[in-house]
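Here are my notes on the model, point by point. Please read them with the structure open.

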Amino acid sequence: MSLLEAVGIRKSFGGLLALSQVDLRLEQGEIASIIGPNGAGKTTLFNVLTGLERPDSGSIWFAGHPVAGLKAEQITALGVARTFQNIRLFANMSVLENVLVGMHCRLPFRIWNVLAHSERFVEMEEKAWERGQALLELVGLGDKQNELARNLPYGDQRRLEIARALATHPKLLLLDEPTAGMNPGEARVLMEFLRRLVEQFEVTLLLIEHNMRVVMSISDWVTVLDHGEKIAEGTPEEIQQNPRVMEAYLGSKDWGKGGVRSHA
Amino acid sequence: MNALKYLGLALFYVGGTSLLVIVFPHSLPAFLAFQSSLLLLYYLPLSPRLRVSLAFVVLAFLMPLIGSINGYYLEIAIQVGIFVALALGLNIVVGMAGLLDLGYVAFFAVGAYLWAIFGSSQANEFIPSSWIQFPLAPSWFFVFLLLGVVAGACTGFILGLPVLRLRGDYLAIVTLGFGEVIRVLANNLDKPINLTNGPKGITPIQRPPLFFQPLLEDLGFSISTPALYSLYFYFLVLLVVTAVITATRRLDHSPIGRAWEAIREDELAAASMGVPLIRMKLLAFATGASFAGIVGVIFSAKQYFINPESFTFMESIGVLAMVILGGMGSIPGAILGATIVTVLNLEVLKGLSLWLNTLRNSGLVLSLPFVGDYALSQLPAQLEPAKYERLVFGIIIVIMVIFRPQGIWPARRRLGKVGRT
């Protein structure tokens, strides 16, 4: 059984057809990427998969559950987490608190436990803090847990978003342009980190990425969207040979050599 | 050694100012200095236990003592307490969860009318007296304190339901309308069934039972009944405010508080991180409203008489101003904001008006340059600060928003270890 199976996803905004009949299938433990020119519908697909947008038609199955039409928090509870293209941290909360919010749906608390400050609640909170600190160590923010999220430099904010998403204990992690704004060195470090993540957390990754060097070196499977339609899918090698893909990326002759970054 | 020095300073200040008030029971600066001793206690680097015990001494012993010398001070303290509880409740909705609520006083009205109707003969109008005779016995007051919490929470929940999808300006307008609806209902529900007695209001409202009066007399204390009621309400409010502060702090330091703040920061991101938006927003509305409900019950019992005039839009704005002044989302900020506004209102502006009056009656004649002689008895009544209280607050808020938008006492981020509440 696939971890995620989306069939015939369609989403339009007024007259604009953002997604039409898009299918997507992800296997447990793989790293998949979605590529495509700007406005191809990649982020809309993410929004539909995570419940921020409701698809007009089509069905989505995640780990055996039908999730199309569920609320975002319900889908998160089932094990789908994401980061955002334009970073959306809780700016005026501390770094650690950002991660703790991610754990919300994994903390079994009751309001009267909170009000009574029961032993069990305090214990649960302490465990949550420890886990949050461990996650921050993992992404290299261990020494910044008390800073406000908005005071972090850009690269740290990206990493905090990943830590926050991991805190929800996901089976599937959707990363929307994780290397945006990074130099090649930083992007390489992030790739290594993502590979380790897949092994350590047994998480499946789905990336939207413009950096072709990243996409081609890390992905097991690549899906190409253009104008809301899936125009190709396959292994990175297959995609690099595909004439329709080259056509979609008009004028990118040095395709596959990292030259398409201008799209970012 | 340093700790001892600070303790000495605290004791000296608290002791000195309370002596001052006792010696000069009608001196306003003395009372202000006494009140600020609590602020000093908060700021001095004392151990938490010491700080709490000193604050307890000030609030539970010195304040009632001073209040028994000058009863008006106790009245101020009660009012401050009521507004602190209201500000803390609104702070949860507006400050923490970021849901702008302009009709907050409605929940206060619900609590107040709840006890006013059943704690007076008003309920006889629509409940046959063959069933129960109203007013209910004074001891029912304590049951109604709890019912006030429940009624407030339910009203908050009901208001919350339809406005869940609204944000920002739209939410503000709907809550504003809701606040007015409650007031207009109170104003007009005297027919066809007389529920609220309309604009005439409800009186007399039953007061809580003085079950300890015989005991006090046996002990040899003879306190007049009005003074006893003042003390009674003071301790009641003190107890409720303590409970409200504890509840707010515990919620704030929990997944619930973090979820509220996440919703305030970025609703979409919060939902994506698994925060159940609807449940958390409803909880914020219900919690904030329940605080208003319980102090509403106390308010109606204390006032003895209520009518819809006590629950106007300006009251909602007043509480909101306290929250903004203190610092949105900050617990000490809300407490400080409520205290400053109430003290300014009841003490400073009124005190200045009184002073102006004494000037006018003094019969003094000033000889000013250019103007010539000016008899102080001609000072216009419009000069009285109590008359332009709103203007003063307007100016304060404008200055705050320009120069210190985060409030006097902004929320500090939670640092360090858990479980320190």
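1. Six strands of chain A make an open sheet, in the order β6-β7-β8-β3-β9-β10, with mixed pairing. β6 (80-82) and β10 (229-234) of chain A stand at the edges. Each has a single partner strand, so one side of each has no neighbour in the sheet. On average, neighbouring strands here are turned by 20° against each other, direction ignored. Bear in mind that this is a predicted model.

2. Now follow the parallel pairs in this sheet. β6(A) runs parallel to strand β7 (residues 172-176) of chain A, and three bridges join them. Within that pair, A:Arg82 has A:Leu174 in β7(A) as its bridge partner. β7(A) in turn runs parallel to β8(A), joined by five bridges. There, A:Leu172 is partnered by A:Thr204 of β8(A). On to the next pair: β3(A) and β8(A) are also parallel, over four bridges. A:Ala32 stands opposite A:Leu206 in β8(A).

3. Is β8(A) enclosed or open to the outside? Five of its five residues are buried, so β8(A) is largely enclosed by the rest of the structure. In a regular strand, side chains alternate between the two faces of the sheet. In β8(A), A:Thr204, A:Leu206 and A:Ile208 point one way. A:Leu205 and A:Leu207 point the other way, and all of these are buried.

4. Which helix lies across this sheet's strands β3 (31-35), β6, β7, β8 (204-208) and β9 (221-226) of chain A? Helix α1 (residues 42-49) of chain A does. Its direction is at about 150° to β7(A).

5. Chain A has another open sheet. Four strands form it in the order β2-β1-β4-β5 (chain A), and the pairing is antiparallel. β2 (16-26) and β5 (65-66) of chain A are the edge strands, each pairing on one side only. Inside the sheet, strand β1 (residues 4-13) of chain A pairs antiparallel with strand β4 (residues 57-62) of chain A over five bridges. Look at A:Leu4: its bridge partner in β4(A) is A:Phe62.

6. A:Ala187 deserves a look. It belongs to helix α7 (residues 184-201) of chain A. Why does A:Ala187 count as buried? Because 21 other C-beta atoms lie within 10 Å, and the cut-off for buried is 20 or more. Neighbours within four places in sequence aside, A:Ala187 is in contact with A:Thr179, A:Met182, A:Asn211 and A:Val214. A:Glu125 is elsewhere: 62 residues from A:Ala187 in sequence, and 34 Å from it in space, C-alpha to C-alpha.

7. Now chain A as a whole. The chain holds ten helices and ten strands. Its C-alpha trace spans about 65 × 40 × 35 Å along the principal axes. What radius of gyration would a compact globule with 264 residues have? It would be near 18 Å, and chain A agrees because its value is 19 Å. Of the 264 residues in chain A, 45% are buried. Take the contacts in chain A between residues at least 6 apart in sequence: 66% of them join residues at least 24 apart.

8. On confidence, chain A averages a pLDDT of 90, and 94% of its residues score at least 70. One stretch calls for caution. Over residues 255-264 of chain A, pLDDT stays under 50. The model has 22 contacts beyond four places in sequence for that stretch.

9. Strand β1 (residues 365-368) of chain B pairs antiparallel with strand β2 (residues 372-375) of chain B, over four bridges. B:Leu366 has B:Tyr374 in β2(B) as its bridge partner. Three residues sit between the strands of the hairpin, and B:Phe370 takes a positive phi near 70°.

Terms used
Residues numbered from 1 in each chain as written. Chains lettered and ligands numbered in written order. Predicted model: local features only at pLDDT ≥ 70, side-chain atom pairs only at ≥ 80, totals over all residues. Pairing = 2+ DSSP bridges. Helix = DSSP H or I, 4+ residues; strand = E, 2+ residues; numbered from the N terminus. Axes fitted to C-alpha atoms, helices over the stretch in contact; angles between N-to-C directions. Contact = placed C-beta atoms within 7 Å. Buried ≥ 20, exposed ≤ 12 C-beta atoms within 10 Å, placed from the backbone. Rg over C-alpha atoms; globule rule 2.2 N^0.38 Å. pLDDT = per-residue confidence, 0-100.
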